Structure formats: structure tokens, C-alpha cells
Amino acid sequence: MKRYVLVLLTLICFTINTDAKNKFIKVENGKFMRDGSPYYYVGTNFWYGAILGSEGQGGNRNRLCRELDEMKAMGIDNLRILVGSDGERGVPTKVEPTLQIEPGVYNDTILAGLDYLLMEMGKRDMVAVLYLNNSWEWSGGYGFYLQHAGAGKAPIPAIEGYDKYMNFVASYATNEKAHQLFYNYVSFILNRKNRYTNKEYINDPTIMSWQIGNEPRAFSREALPYFEKWLAEASALIRSIDKNHLISIGSEGAWGCENDYEVYERICADKNIDYCNIHLWPYNWGWAKKDSLIENLDRSCINTKDYIDRHLSICKRLSKPLVMEEFGFPRDNFSFSLSSSTIARDAYYKYVFSLVADNAEQGGLFAGCNFWGWGGFASPKHENWQPGDDYCGDPAQEAQGLNSVFAGDKSTLQVIKQQVDRMNAVIKVQGKDK
């Protein structure tokens, strides 16, 4: 009898552990798998989620839950989120409040906000892609680590210009002291336990992927070898701590590798990198102009397809999925008003979505997309973000409302919902085939 009970308990424990393992999104044969079925998705960027989940400055848990319910109702279940901002407050164009005030000194209210966000997402069967660093000034990132590694004070692009800022952060790739400060932060975050669910982060399937950074760049061709080395070290560190979750880079693609496709292929080929990312910004990259967004739509679409196709070829060689985790298009007439039309954006979104879905239907590697970004129920008060204003999809360095998708953007939401339905149909068909 005792032997029977022991065998039964062993089988129950094995089943529980197996079920837990199956909850994590994995990559098999170049495709995402979730709960034993193919996973294709339409997601969004919700960088401010952890701040909204806090009970301190900027926190609004009622709004957070309302936003999550709205996205879930539309079928958006994949959110790309900033773990936290770095550095001192009161810096123009930087997100506040910050999580890492100084290296190793943390704002517990933001940590609680991240815990709360993950708990609420888990209740809704949503997953998070959490990025840990940023090459841009709006959340600290590179400039923060360099400053505390003794490289001097980081320039503020809004005051001193982006050329000066980019020249400064180009030294990040070779600054091992800055890297170590970042690695300490990575270890701290990955070894956390959620205070609300009592789950260790490494055992929480609500997290889909750890991402090294938002648009990590070398910022010079000379720094590329060191940039590659840093990414390899960072991904190896993450894998040494966490065996359960996917790891991604957060790259823009070749655009973030000094337009070197071979560098992009090498960083994605790393054994610890599970899938590939690209970003697309037609206006930022000069494919569309302020005064001719609709007129430049065709050119934007042609260049978009070419950029995607070149990266898909690399993914095919690597047998890894591709996610276009950032793409955006300004509101018509470059307006920041929530009441402005979005004819050009809707057309661009529809085109991008068609490329993702067409490839997925053919069994290709284009597995998902996260549009930029979710503004939801925000009501921006100023063109330039100020502390106390609602957070929306546009971070503090961007005009508020320019690239955000708000709850009132009915035509855009309709385009998104159509894509969700189409991707769900792909999952259904390929799930049956499996």
C-alpha cells in the first residue's frame, strides 16, 4: 500500500511539474509553442505598465486593470514592458519615477508595481516581454551606467542634441565597469519573488521573454565587435539564472547594427537567443515626411517589406521566429490631438499585419508583432510630458499622442481586431495539423 501511495504521489508531482513547464512559451522548430499549440500573436508596447501598477507617483491600479481588460477583450495578450527607468528625477525627457535611483538602490514602489502588473496579467492569461536596458535616454539605460562607471555626465539630447548623446553612449560597448553594473541589476531582477503571487520570477510563465534592452546599439562601426561580446555575455548571464524563459535582444534589426546584416545575423545566432526582433519606423527613418504621410505611404510599405524580407531570410537560416515588436506611424497631419484622423496609420498597420499573417498562414517564421504603442484611456495634457500627466504610448522624449493608439481610435482598433482574428485562425488550423 505504501509503495502504491509513493508511486501515485510521484506521478502527481511529475504531472504538476510537466504542466508547469508546458505553461512557458517555448520555441520548437522555429515556432513559438504555448500549452502544446502554435502561438502567433498581436501584441502591443505598454512600457509604463509597472509604473501604472505602483501605489506611488504615477501609479493608478484602477486604470491598469481597465487597460488590461480592454486589451484582453480585443485579443491583445502580449505586452512589451519596461522593467524600470534608471537615475535621478527631474531630467527633461526622462520617464519618472525611476526604479534604479543609483546602482543597486531601488524604488520599492516600482518593484511592487511590476509585481502587481504581472499578477494581474497572469489572471488574464496575458504574457510579458520585459526589457532590462535601453540605449536611449528616456529611461536612463546606457547613459546611467556610463555615468556611474565614471565616464562623465550623460548629455541630455533635448538640450545638447542627439549627436552629442550618441557620441557619449558609443563608449558603452567597451565599458566593462558599466556592463558589470548592468549585470548586477539583471541578477537582482531575475532573482526576485513576486510579493503578491509568491512566485519567483524565473518560475512565472506570465513572463514570455527577458529582453536585454530596448534597441541596443553599438553607435559606431568600431564598437560592433565589443557590442556583440556584450550581448553574448548578457544573454549567457540571463540563461545561467533562468532556464525557463525565452531570451531576446530587443534589436531594431540591421538598422540597430550600423546597417550591417552580418552583425545582426551573428547576434541572433547566439545559442542563448531564442528568437529575433526587428523594429520599423517609417517617419523616423525618413521614408515618410510630416507634410506628406499619406503620399509617402506606398514608399513606406515598399521599404517595410524589403526590410522584413531581408531579416526573414536570416531567420530562416537560423530557424528562429521573427517578431516585429515595434512599429508605428504618426497620426494624420502629424497631429497630437486624440480627435485627429488616422487614415495613413490604419493603412500602414493593415499592410504590416497582412505581411505577418500571410507569412504565418504559409507556415513561415513571422510569428508576431507588437504595435507601438498602447495609449488606452490616457488623456495627455501637454505636448511634452510633465510629471503628473497621464502615461501613454509615447515616452517622455516624444510628443504625447503622436504614435499612441487610444481607446477612442475606433478605426485603428478595428484593424487590430481583424488581425487578431486572423492570427487566431492560423493557430486553430496549425494546431489541428499538429
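Predicted model: local features only at pLDDT ≥ 70, side-chain atom pairs only at ≥ 80, totals over all residues.
**View 1. The largest pocket.** This one holds about 710 Å³ of space. Its lining takes in 25 residues, and the closest to the centre are Tyr162, Tyr283, Asn284, Gln397 and Glu398. Sort the lining of the largest pocket by class and you get 14 nonpolar, 4 polar and 7 charged residues.

**View 2. The second largest pocket.** Here there's about 310 Å³ of space to look at. Center the view on Glu88, Val91, Lys94, Gln147 and Ala154, which lie nearest the middle of this pocket among its 20 lining residues.

View 3. Helix α4 covers residues 108-123. With 16 residues at 1.5 Å a residue, α4 should span 22 Å, and the 23 Å between its end C-alpha atoms agrees with that. Of those 16 residues, 12 are buried, so α4 is largely enclosed by the rest of the structure. The buried set runs through Ile110, Leu111, Ala112, Gly113, Leu114, Asp115, Tyr116, Leu117, Leu118, Met119, Glu120 and Met121. Charged side chains turn up in that buried set too, including Asp115 and Glu120. After α4 comes Asp125, with a positive phi near 60 degrees.

Notes. Residues numbered from 1 in each chain as written. Heavy atoms only, no water. 1 Å grid on protein atoms, 1.4 Å probe; cavity = no way out; pocket = protein on both sides within 12 Å on 5 of 7 lines; lining within 4 Å. Points joined across faces, edges and corners; volume = space filled by probe spheres on them. Helix = DSSP H or I, 4+ residues; strand = E, 2+ residues; numbered from the N terminus. Expected span 1.5 Å × (residues − 1). Buried < 20%, exposed > 50% of the residue type's maximum accessible area, 1.4 Å probe, protein only.
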